[in-house]
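Welcome! Please take a moment to look over the sequence and the 3D view below before you try the exercises.

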Amino acid sequence: MTIETQNKKLIIRRICLALILLLLSVLQNSNGLFPQFFGVRALLLIPCVVCIAMYERDVWGMLFGLFAGALWDVFASGASFNALFLLAVGFGCGSLINTVMRSNIVTATLLSFISSLLYNVIYWIFHFVIPQTDSTAFMLLRYYLPCVLYTTVLTPILFLIVRAIEKKFTEEY
(Lines give C-alpha, C1' and ligand atoms only; values in the text may rest on other atoms or scores of the structure.)
Protein backbone atom coordinates (compact mmCIF):
# COMPACT_ATOMS: atom_id res chain seq x y z
CA MET A 1 0.00 0.00 0.00
CA THR A 2 1.41 3.37 -0.96
CA ILE A 3 1.63 6.39 1.28
CA GLU A 4 -0.97 8.22 -0.79
CA THR A 5 -3.46 5.38 -0.33
CA GLN A 6 -2.81 5.30 3.42
CA ASN A 7 -3.30 9.07 3.69
CA LYS A 8 -6.47 8.89 1.62
CA LYS A 9 -7.94 6.19 3.88
CA LEU A 10 -6.93 8.15 6.97
CA ILE A 11 -8.60 11.31 5.70
CA ILE A 12 -11.77 9.45 4.69
CA ARG A 13 -11.91 7.72 8.10
CA ARG A 14 -11.60 10.98 9.99
CA ILE A 15 -14.19 12.70 7.79
CA CYS A 16 -16.60 9.82 8.49
CA LEU A 17 -16.00 10.18 12.23
CA ALA A 18 -16.57 13.94 12.04
CA LEU A 19 -19.82 13.37 10.13
CA ILE A 20 -20.98 10.92 12.80
CA LEU A 21 -20.27 13.54 15.47
CA LEU A 22 -22.22 16.10 13.44
CA LEU A 23 -25.18 13.72 13.07
CA LEU A 24 -25.17 12.81 16.76
CA SER A 25 -24.98 16.48 17.69
CA VAL A 26 -28.12 17.17 15.69
CA LEU A 27 -29.88 14.12 17.18
CA GLN A 28 -28.88 15.05 20.72
CA ASN A 29 -29.69 18.74 20.58
CA SER A 30 -32.90 18.77 18.53
CA ASN A 31 -36.17 18.04 20.27
CA GLY A 32 -38.07 15.06 18.97
CA LEU A 33 -35.34 13.52 16.79
CA PHE A 34 -34.07 11.06 19.39
CA PRO A 35 -36.35 9.29 21.88
CA GLN A 36 -36.61 10.64 25.39
CA PHE A 37 -37.87 8.48 28.23
CA PHE A 38 -39.88 10.38 30.83
CA GLY A 39 -38.09 13.61 29.89
CA VAL A 40 -34.62 12.06 30.16
CA ARG A 41 -32.46 12.43 27.10
CA ALA A 42 -29.21 10.76 26.15
CA LEU A 43 -25.99 12.71 25.77
CA LEU A 44 -24.81 10.98 22.61
CA LEU A 45 -21.65 13.00 22.10
CA ILE A 46 -19.96 11.82 25.29
CA PRO A 47 -19.84 8.08 24.45
CA CYS A 48 -19.02 8.83 20.83
CA VAL A 49 -16.00 10.92 21.83
CA VAL A 50 -14.93 8.16 24.22
CA CYS A 51 -15.17 5.53 21.48
CA ILE A 52 -13.37 7.66 18.91
CA ALA A 53 -10.59 8.46 21.38
CA MET A 54 -10.15 4.76 22.06
CA TYR A 55 -9.18 4.19 18.43
CA GLU A 56 -7.66 7.53 17.44
CA ARG A 57 -5.65 7.84 20.69
CA ASP A 58 -4.83 10.96 22.68
CA VAL A 59 -4.14 13.82 20.25
CA TRP A 60 -6.83 13.05 17.70
CA GLY A 61 -9.21 12.01 20.46
CA MET A 62 -8.64 15.43 21.99
CA LEU A 63 -9.30 17.17 18.66
CA PHE A 64 -12.46 15.17 18.02
CA GLY A 65 -13.57 15.97 21.58
CA LEU A 66 -12.98 19.67 20.93
CA PHE A 67 -14.97 19.45 17.69
CA ALA A 68 -17.88 17.61 19.37
CA GLY A 69 -17.89 20.03 22.31
CA ALA A 70 -17.85 23.03 19.98
CA LEU A 71 -20.86 21.61 18.15
CA TRP A 72 -22.62 21.09 21.47
CA ASP A 73 -21.80 24.63 22.59
CA VAL A 74 -23.19 26.06 19.35
CA PHE A 75 -26.53 24.39 20.06
CA ALA A 76 -26.54 24.95 23.82
CA SER A 77 -24.59 28.21 24.12
CA GLY A 78 -22.60 26.67 26.94
CA ALA A 79 -19.78 29.25 27.03
CA SER A 80 -17.19 26.64 25.92
CA PHE A 81 -17.75 24.31 28.89
CA ASN A 82 -18.76 21.39 26.66
CA ALA A 83 -15.80 21.91 24.34
CA LEU A 84 -13.32 21.94 27.21
CA PHE A 85 -14.95 18.98 28.92
CA LEU A 86 -15.03 16.80 25.79
CA LEU A 87 -11.48 17.87 24.92
CA ALA A 88 -10.37 16.55 28.33
CA VAL A 89 -12.44 13.37 27.90
CA GLY A 90 -10.96 12.69 24.46
CA PHE A 91 -7.43 13.24 25.68
CA GLY A 92 -7.94 11.25 28.89
CA CYS A 93 -9.55 8.25 27.22
CA GLY A 94 -7.00 8.21 24.40
CA SER A 95 -4.14 8.38 26.91
CA LEU A 96 -5.62 5.60 29.03
CA ILE A 97 -5.92 3.34 26.00
CA ASN A 98 -2.35 4.22 24.99
CA THR A 99 -0.90 3.30 28.36
CA VAL A 100 -3.15 1.25 30.66
CA MET A 101 -6.33 -0.13 29.08
CA ARG A 102 -7.35 -2.13 26.05
CA SER A 103 -9.84 -1.01 23.46
CA ASN A 104 -12.96 -3.14 23.90
CA ILE A 105 -16.67 -2.72 24.51
CA VAL A 106 -16.43 -3.12 28.29
CA THR A 107 -13.76 -0.43 28.55
CA ALA A 108 -15.81 1.88 26.32
CA THR A 109 -18.88 1.39 28.50
CA LEU A 110 -16.91 2.00 31.70
CA LEU A 111 -15.20 5.14 30.39
CA SER A 112 -18.49 6.43 28.98
CA PHE A 113 -20.23 5.86 32.31
CA ILE A 114 -17.51 7.70 34.22
CA SER A 115 -17.40 10.59 31.74
CA SER A 116 -21.17 10.94 31.64
CA LEU A 117 -21.43 10.78 35.42
CA LEU A 118 -18.72 13.40 35.79
CA TYR A 119 -20.39 15.70 33.25
CA ASN A 120 -23.83 15.43 34.83
CA VAL A 121 -22.58 15.90 38.39
CA ILE A 122 -20.55 18.97 37.41
CA TYR A 123 -23.53 20.40 35.51
CA TRP A 124 -25.84 19.67 38.46
CA ILE A 125 -23.46 21.31 40.95
CA PHE A 126 -23.07 24.50 38.91
CA HIS A 127 -26.74 24.85 38.00
CA PHE A 128 -28.53 23.61 41.13
CA VAL A 129 -26.25 23.29 44.16
CA ILE A 130 -24.26 26.52 43.93
CA PRO A 131 -27.29 28.74 43.13
CA GLN A 132 -29.15 26.91 45.94
CA THR A 133 -32.30 26.22 43.97
CA ASP A 134 -35.21 24.22 45.30
CA SER A 135 -35.46 20.48 44.67
CA THR A 136 -31.75 19.97 44.12
CA ALA A 137 -31.72 16.31 45.15
CA PHE A 138 -34.91 15.66 43.18
CA MET A 139 -33.30 16.91 39.97
CA LEU A 140 -30.25 14.72 40.51
CA LEU A 141 -32.33 11.60 41.10
CA ARG A 142 -35.07 12.36 38.58
CA TYR A 143 -33.09 13.66 35.62
CA TYR A 144 -29.31 13.59 35.85
CA LEU A 145 -28.63 10.05 37.13
CA PRO A 146 -31.14 8.46 34.70
CA CYS A 147 -29.44 10.49 31.95
CA VAL A 148 -26.15 8.81 32.90
CA LEU A 149 -27.74 5.37 32.66
CA TYR A 150 -29.47 6.11 29.35
CA THR A 151 -26.22 7.38 27.87
CA THR A 152 -24.30 4.36 29.14
CA VAL A 153 -26.81 1.89 27.68
CA LEU A 154 -26.30 3.39 24.22
CA THR A 155 -22.50 3.19 24.40
CA PRO A 156 -22.11 -0.36 22.95
CA ILE A 157 -24.05 0.64 19.83
CA LEU A 158 -21.83 3.67 19.26
CA PHE A 159 -18.73 1.58 19.97
CA LEU A 160 -19.71 -0.93 17.28
CA ILE A 161 -20.32 1.85 14.76
CA VAL A 162 -16.97 3.53 15.45
CA ARG A 163 -15.15 0.18 15.40
CA ALA A 164 -16.72 -0.69 12.04
CA ILE A 165 -15.49 2.59 10.55
CA GLU A 166 -12.04 2.12 12.03
CA LYS A 167 -11.76 -1.42 10.65
CA LYS A 168 -13.07 -0.40 7.25
CA PHE A 169 -10.43 2.27 6.72
CA THR A 170 -7.49 0.84 8.66
CA GLU A 171 -5.09 -1.51 6.95
CA GLU A 172 -3.53 -4.14 9.20
CA TYR A 173 0.13 -4.84 8.58
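This is a predicted model: local features need pLDDT of at least 70, side-chain atom pairs count only at pLDDT 80 or more; totals for chains, interfaces and linings use all residues.

**Exercise 1.** Find the salt bridge between glutamate 56 and arginine 13, and work out which parts of the chain the pair ties together.

Solution. 
- Step 1: Begin with the distance. The side chains of glutamate 56 and arginine 13 come together at 2.9 Å, N to O, and the cut-off for a salt bridge is 4 Å.
- Step 2: Look at the surroundings. Glutamate 56 and arginine 13 are both buried.

**Exercise 2.** Follow the other salt bridges and decide which residues are linked in a network.

Solution. 
- Step 1: Stay with arginine 13. Its side chain also meets that of glutamate 166 in a salt bridge (3.3 Å, N to O).
- Step 2: Arginine 13 is in helix α1 and glutamate 166 in helix α5 (residues 136-168), so distant parts of the chain, 153 residues apart, are linked.
- Step 3: Return to glutamate 56. Its side chain forms a salt bridge with arginine 14 as well, at 3.0 Å, N to O.
- Step 4: With glutamate 56 in helix α2 and arginine 14 in helix α1, the pair joins parts 42 residues apart in sequence.

**Exercise 3.** Are glutamate 56, arginine 14 and glutamine 28 buried or exposed?

Solution. 
- Step 1: Recall the cut-off: a residue is buried when its relative accessible area is under 20%.
- Step 2: Check glutamate 56. Its relative accessible area is 7%, so glutamate 56 is buried.
- Step 3: Check arginine 14. At 17%, arginine 14 is buried.
- Step 4: Check glutamine 28, which is in helix α1. Its value is 5%, so glutamine 28 is buried too.
- Step 5: See what lies around it. Beyond its neighbours within four places in sequence, glutamine 28 is in contact with Arg41, Ala42, Leu43, Leu44, Leu45 and Trp72.

**Exercise 4.** Which residues make the nonpolar surface patch?

Solution. 
- Step 1: Start from isoleucine 11, which lies in helix α1 (residues 3-29).
- Step 2: Together, Ile11, Ile15, Leu19 and Leu22 make a nonpolar surface patch of about 370 Å².

Definitions and conventions:
Residues are numbered from 1 along each chain as its sequence is written. Side-chain values use heavy atoms; hydrogens and water are left out. Patches are made of residues with over 30% relative accessible area and no salt bridge: like charges are joined within 9 Å, nonpolar side chains (Val, Leu, Ile, Met, Phe, Trp, Tyr) within 5 Å. Accessible areas come from the Shrake-Rupley method with a 1.4 Å probe; for residues, only the protein chains shown count as cover. Helices (H or I, at least four residues) and strands (E, at least two) are DSSP runs, numbered from the N terminus. Buried means under 20% relative accessible area, exposed over 50%, partly exposed in between (1.4 Å probe, protein chains only). Contact means heavy atoms within 4.5 Å.
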